[in-house]
Amino acid sequence: MITLALDTSNKAMSVAVVQDGELLADTTLNKMRTHSEQLLPTIDRLVALSGLQPSDIDRVAVAQGPGSYTGLRIGVTTAKTLAYTLNIELVGVSSLATLAANVRSDAAIIVPLMDARRGNVFAGMYQWVDGALRNVALDKHVALDQLLEEVQALGQPAIFVGATEKMRLAISATLGGSARFTDALNSLPRAARIAELASGMQPVDIDSFVPNYLRLTEAEVNWLHAHPGVKQTNYVEKV
Amino acid sequence: MEKDEIILAFESSCDETSVAVIKNGDVIMSNIIATQINSHKRFGGVVPEVASRHHVEEITIIINDALTEAGISYGDIDAVAVTYGPGLVGSLLIGVTAAKTIAYAHNIPLIPVNHMAGHIYAAAFVDKLQYPLLALMVSGGHTELVMLTAPGEFSIIGETRDDAAGEAYDKVGRVLGITYPAGKEIDRLAHLGQDTFDFPRAMSDSDNLDFSFSGLKSAFINTVHHADQINEKLSREDLAASFQAAVVDVLVEKTMHALQQHPVKQLVVAGGVAANQGLREALSARLATEMPNVQMIVPPLRLCGDNAAMVGAAAHIMRAKNIFADETLNAQPNLNFARA
Ligand SMILES: [Zn+2]
């Protein structure tokens with residue numbers, strides 16, 4: 001099975017072509033901010049360098065979120081459109097699980113982190129159990145302080161992975177020596193890890209596939225606040 | 001006989017997700033439009049992040065509907081076309097990304113289309129276009145007079161210096177307590193009232209072809225606020241009629257000036273505000289008496305708003321001019337025609 005895997009959920013963009021668990025080609029760009037310009041040329045190049053055609057792809061695996069909203073949409077739209085138009089499988093993988101999968105230690109809770117600004121983070125908790133990466137606490141948008149309390153309550157060593165530089169002082173101040181950090185290289189998302197995680201997952205419905213933003217828009221939060229109890233209906237209609 | 005040209009076209013610049021299949025530039029095989037208006041009504045205007053999210057929800061469903069209704073397969077498609085600007089960047093990106101992906105997956109050429117060119121070429125579904133032609137482009141975000149010296153050769157000869165006409169409608173609508181979008185309701189009210197307030201018509205008499213609606217908008221808001229303060233009840237119908245009369249007068253006057261300075265055979269009225277009944281009536285009346293030889297083309301209602309059929313019509317022109325994009329195509333939210 002040929003899997004095309006991609007992650008555009010944050011600053012780094014990563015694409016990989018994997019055949020039955022074996023990496024054929026991958027690329028990670030860390031300083032290009034224009035994913036919309038770089039993603040498709042990178043896919044095209046890697047597929048071609050692997051000696052393949054688009055029609056040879058059997059499955060698309062994509063980082064589904066959380067992350068930057070615009071970045072997520074570029075990856076998810078590319079993935080769902082490709083899966084739709086080639087009539088192949090689509091699998092969504094947590095962007096946080098993707099980071100967690102860079103840490104290959106079963107002796108600690110793995111805490112992937114993304115900066116969500118204003119003291120908040122997108123974070124999850126993962127652990128390797130019998131060779132499989134298990135989700136210990138759901139991915140969520142949370143204040144860093146609260147996350148650290150939850151990690152502390154587990155009473156286990158924790159390895160933080162992701163863009164943690166700005167938060168290290170706060171993390172160590174709360175957790176002391178039980179908190180460790182990955183190096184910069186392992187804090188980058190690698191699409192090949194997405195293909196790996198996706199291999200154990202069921203394909204999803206393509207049309208209804210959307211990013212896991214983990215946050216409503218501010219406009220919707222305010223509207224729901226002003227209209228308690230109003231049931232969400234389908235807001236889009238064909239005319 | 002030459003083989004038919006089939007274009008698969010995408011439009012997602014604002015709050016409509018649309019995909020169309022167009023044959024030979026002027027035959028609509030399918031034109032699927034999903035509007036998010038009921039979502040944005042909650043907020044009194046389009047919220048860009050909400051719009052982007054809806055586009056992702058809809059995109060593959062709309063592509064599939066368009067292909068199914070047209071009854072074609074990928075092998076039939078000569079080009080994939082997409083609006084890449086102007087518009088909301090997050091919205092544009094969904095159409096651009098999906099279009100590029102389809103083009104890549106099936107090795108089909110990609111054509112980048114300016115949204116405004118799309119609005120103008122909606123007229124190609126009405127009649128054969130003759131050049132040079134003049135287009136009056138009025139929508140929520142744009143008010144422009146555009147000259148086309150030849151197919152696909154655009155230059156702006158007049159544009160708004162502040163608000164677009166559609167923007168002014170929405171702002172005035174808010175003051176009248178009309179929910180977004182206000183254009184249709186103001187148009188309806190205007191037909192029930194009289195122009196009694198005589199709001200200012202900005203720059204109607206100058207040779208310059210630029211528009212301005214901010215003075216009119218301020219005059220309207222001041223009038224309503226003043227009446228509120230002294231507890232005087234004004235006629236909503238007369239307010240709407242007076243506002244619309246001022247907007248229409250400015251649009252018509254500038255368009256007539258433009259036609260005098262740039263003789264053409266056809267005038268295309270394009271964009272969402274082209275649906276406005278008051279504007280259509282006033283323009284055709286002036287043309288009938290002063291320039292009976294100029295043909296006015298107003299696309300049918302469904303093609304005045306944002307839709308992918310118009311993008312396919314414009315792409316037909318671009319294809320003949322060999323204008324193609326590669327896989328790096330990006331959204332250009334501020335894309336515009338050059339000023340003459
Ligand atoms: Zn438009």
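Is Asp306(B) buried or exposed? Asp306(B) is buried, at a relative accessible area of 15%, where buried means under 20% relative accessible area, exposed over 50% and partly exposed in between (1.4 Å probe, protein chains only). The model is predicted: local features need pLDDT of at least 70, side-chain atom pairs count only at pLDDT 80 or more, and totals for chains, interfaces and linings use all residues. Residues are numbered from 1 along each chain as its sequence is written, chains are lettered from A and ligands numbered from 1 in the order in which they are written, and side-chain values use heavy atoms, with hydrogens and water left out.

Asp306(B) is one of the protein donors of the zinc ion; the donors are His115(B) through NE2, His119(B) through NE2 and Asp306(B) through OD, lying 2.1 Å from the ion. Donors here are N, O and S atoms within 2.8 Å of the metal (3.2 Å for Na, K and Ca), and water is not among the atoms, so sites may look incomplete. Along the chain the donors follow the spacing H-x3-H-x186-D. His115(B) belongs to helix α4 (residues 115-121) of chain B, while Asp306(B) sits in the loop between α10 (301-304) and α11 (308-320) of chain B, so the pair ties together parts that are 191 residues apart in sequence. Helices (H or I, at least four residues) and strands (E, at least two) are DSSP runs, numbered from the N terminus. His115(B) is also buried, at 6% relative accessibility.

Next comes the interface. The contact, meaning heavy atoms within 4.5 Å, takes 42 residues from chain B and 40 residues from chain A. Between the two chains about 3800 Å² is buried, and carbon and sulfur atoms give 62% of this area. Buried area is the accessible area (1.4 Å probe) that two parts lose on being put together, summed over both. On the side of chain B, Arg42(B), Arg53(B) and Tyr104(B) lose the most area to chain A, together 21% of what that side buries.

Between chain B and chain A there are 3 salt bridges, a salt bridge being a side-chain nitrogen of Lys or Arg within 4 Å of a carboxyl oxygen of Asp or Glu. Arg42(B) meets Glu220(A) in a salt bridge, at 3.9 Å from N to O. The elements of chain B that give two or more residues to the side touching chain A are β3 (27-35), α1 (37-40), α2 (48-70) and α3 (89-105). Of these, α2(B) gives the most, with 16 residues.

Over all chains the count comes to 24 salt bridges. In chain A, Arg59(A) pairs with Glu89(A), with the closest N and O atoms 2.9 Å apart. This pair links strand β4 (residues 59-65) to strand β5 (residues 89-94) of chain A, the two residues being 30 apart. Arg59(A) is buried at 6% relative accessibility, whereas Glu89(A) is partly exposed at 28%.

In chain B, Glu153(B) forms a salt bridge with Lys321(B), the closest N and O atoms being 2.4 Å apart. Glu153(B) is in strand β8 (residues 153-159) and Lys321(B) in the segment after α11 of chain B, 168 residues apart. Arg201(B) and Asp249(B) form another salt bridge, at 3.0 Å from N to O. Finally, Glu159(B), Arg161(B), Asp210(B) and Arg339(B) are linked in a network of salt bridges.
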